[in-house]
Amino acid sequence: EMVGAYCAEVRKRIRGGAKRFVITCAQNNTGAHTKFLQSLETYCEVNDAILLVRPVSYKNISLYTASQEYKKWWAKAVQPYLVNEEITLGPNVTLSNVPIAATAANPLEGLNDVGGRKWQIMGHPQMAMEPVPTPGDKLPKRIYTTGAVTRKNYSDTKAGRKAEWHHVMGALVVEFSGKHCFVRQVNTAGDGSFYDLDALYTPDGYTVGHAATALTTGDEHVKFNLRGVRKATYDAPDSIAKALRPEFIMRHDIFDAYAISHHHEKMPLVGYAKHINGDNCARAELDQVVDFLNDTTPEESTNVLVDSNHHDHLQQWLDRADANKDHLNALLISELQHAQRVAIAGGEDCRPLPMYLRERVLAKMLYLDRNEPFVIADVDYSQHGDKGANGSRGSARGLSRSTYKMVIGHSHSARICKGVYQVGTSTGRLEYEAGLSDHTNTHCIQYASGKRTLVDIFSGKWRA
């Protein structure tokens with residue numbers, strides 16, 4: 001009765017205009033992380049948010065014998081917030097009541113079409129998110145799981161051990177602004193506290209103005225970088241970079257290589273269009289990257305250039321380029337090929353993009369190598385996402401089989417798969433992207449606690 005009454009109260013508050021929610025789940029017969037729950041209550045009080053706890057059923061067979069009575073119960077502290085019904089939170093977003101086994105290794109698998117085109121939020125102790133491809137330029141559907149406010153409590157079995165490893169003490173912040181829904185992940189550092197953007201919430205209160213450790217932007221492709229994304233990320237007075245002052249900014253596919261793309265070699269009409277529009281000068285595109293880095297890097301931040309497949313295009317071009325035939329790019333070809341040979345003779349890094357940027361970028365820079373991890377608070381940033389293990393094709397699912405947590409890019413599709421967070425893009429639809437799409441303008445933030453969240457940019461806004 002109490003659960004039904006709370007569901008009715010929540011619906012009434014939504015009809016009254018409630019726009020912000022905090023959603024997590026609680027496993028039965030399991031104690032709550034009391035301090036984390038208190039921090040969530042602090043958040044809701046400060047931000048006028050509604051706390052929703054989805055009950056998740058699970059029988060820990062390690063605790064019961066055949067002769068023992070099994071009766072479900074939920075921790076007293078979470079009972080006032082339990083909701084077991086499907087609730088429409090706002091335009092196009094539903095808190096689903098689909099039951100998912102607490103030990104499901106891939107909790108969102110097979111659920112893409114549940115709820116039709118509406119975003120679905122499902123209670124589960126693992127933190128996961130999958131986009132669903134959508135026709136045209138419509139915003140892709142999303143399906144999420146929440147993390148839990150109850151402690152780890154699993155059977156001593158293979159399934160139980162896996163579930164224990166991927167159990168996240170976390171929740172989703174869900175906020176509406178106009179037609180858009182902004183969803184962020186919050187994770188407790190263990191003491192119950194958690195960050196959301198620049199604020200730190202604890203059982204006793206909150207403080208603001210905290211800097212982030214790292215900002216990983218969606219693949220930037222400077223030539224096609226959207227003005228609204230750049231403004232929300234760097235330029236606006238309340239941009240992500242200005243509000244969070246990240247120590248590191250991870251840059252993926254910052255150089256598109258459109259001017260010299262090998263994909264265009266057998267596309268004469270594209271080549272002609274590039275000629276007419278002046279888009280076939282490699283130096284101009286490289287200098288665009290230089291200007292972008294110098295203009296968008298905050299004084300306190302260090303850029304981290306991640307080895308990426310589009311950066312590789314520059315080397316692929318130099319391997320086939322002929323300065324005697326490509327007169328527009330002849331000087332650049334000669335300069336880079338000569339500089340590479342000098343670097344090789346001196347035992348130095350001969351990758352062409354870092355070589356070009358080192359002499360021209362005034363902002364602080366680090367240049368990563370795929371073969372060397374770059375780890376911040378147990379999260380590796382060295383992988384773009386295009387390459388998997390042993391030369392295989394890369395994917396979030398494949399890389400999640402590593403023992404490393406990671407933040408990757410490449411697919412232009414944001415997702416969370418176990419310990420891997422994948423960012424989206426900073427562009428619109430690119431020339432080679434046709435048909436259904438699940439691409440979004442999505443970045444990743446890592447807080448001082450080491451915890452991460454995805455941050456979307458919709459219509460130039462990155463929060464409600």
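**Group meeting talk: a walk through a predicted model**

Hi everyone! The secondary structure of this protein comes to eleven helices and 23 strands, where helices (H or I, at least four residues) and strands (E, at least two) are DSSP runs numbered from the N terminus. Please keep in mind that this is a predicted model, in which local features need pLDDT of at least 70 and side-chain atom pairs count only at pLDDT 80 or more, while totals for chains, interfaces and linings use all residues. Residues are numbered from 1 along each chain as its sequence is written, and side-chain values use heavy atoms, with hydrogens and water left out.

Let's begin with the whole protein. The C-alpha atoms fill a box of roughly 85 × 45 × 40 Å along the principal axes. With 464 residues, a compact globule would have a radius of gyration near 23 Å, and the 24 Å of this protein agrees with that. That radius is taken over C-alpha atoms, and the globule rule is 2.2 Å times the number of residues to the power 0.38. Of the 464 residues, 55% count as buried; buried means under 20% relative accessible area, exposed over 50%, and partly exposed in between, with a 1.4 Å probe and protein chains only. Contact means heavy atoms within 4.5 Å, and among contacts with a separation of 6 or more, 68% are between residues 24 or more positions apart.

Now for the sheets. In what order do the four strands of the open, mixed sheet come? The order is β2-β1-β8-β9, and two strands pair if DSSP finds at least two bridges between them. At the edges are β2 (50-56) and β9 (180-187), each pairing on one side only. From one strand to the next, the twist averages 25 degrees. Strand β8 (residues 170-177) and β9 run antiparallel and are joined by eight bridges; look for G170, whose bridge partner in β9 is N187.

Two helices go with this sheet. Helix α1 (residues 2-15) packs on the sheet and touches β1 (20-27) and β2, its direction making about 140 degrees with that of β2. For these angles, axes are lines fitted to C-alpha atoms, for helices over the stretch in contact, and the angles run from 0 to 180 degrees between N-to-C directions. Helix α2 (residues 34-47) lies across β1, β2, β8 and β9, at about 165 degrees to β1.

Three bridges join β10 to strand β11 (residues 199-202), and Y195 stands opposite L200 in β11.

Next, have a look at strand β5 (residues 119-122). W119 and I121 point one way and Q120 and M122 the other way, yet all are buried. β5 is joined in parallel to strand β4 (residues 93-95) by three bridges, and also pairs in the parallel sense with strand β7 (residues 141-145) over three bridges.

What about the inside? In soluble globular proteins, nonpolar side chains tend to be buried together. A nonpolar core is a set of buried Ala, Val, Leu, Ile, Met, Phe, Trp, Tyr and Cys residues joined through side-chain atoms within 4.5 Å. Which members of the largest core, with its 68 residues, touch the most other members? They are F21, L52, V78 and L89. Leaving aside neighbours within four places in sequence, the contacts of L89 include I14, F21, L52, I121 and F176. A second, separate core has 30 residues, among them I254, F255, A259 and I260.

Last stop: helix α8 (residues 309-320). Its twelve residues reach 17 Å from first C-alpha to last, close to the 16 Å expected, which is 1.5 Å times one less than the number of residues. Buried residues of α8 include H310, H313, L314 and W317, and the buried ones pack against β14 (248-251), α7 (282-296), β15 (302-305), α9 (330-345) and α10 (352-358).

A321 sits in the loop between α8 and α9. Is A321 buried or exposed? At 19% relative accessibility, A321 counts as buried. Not counting residues up to four places away in sequence, A321 touches I333 and Q337.
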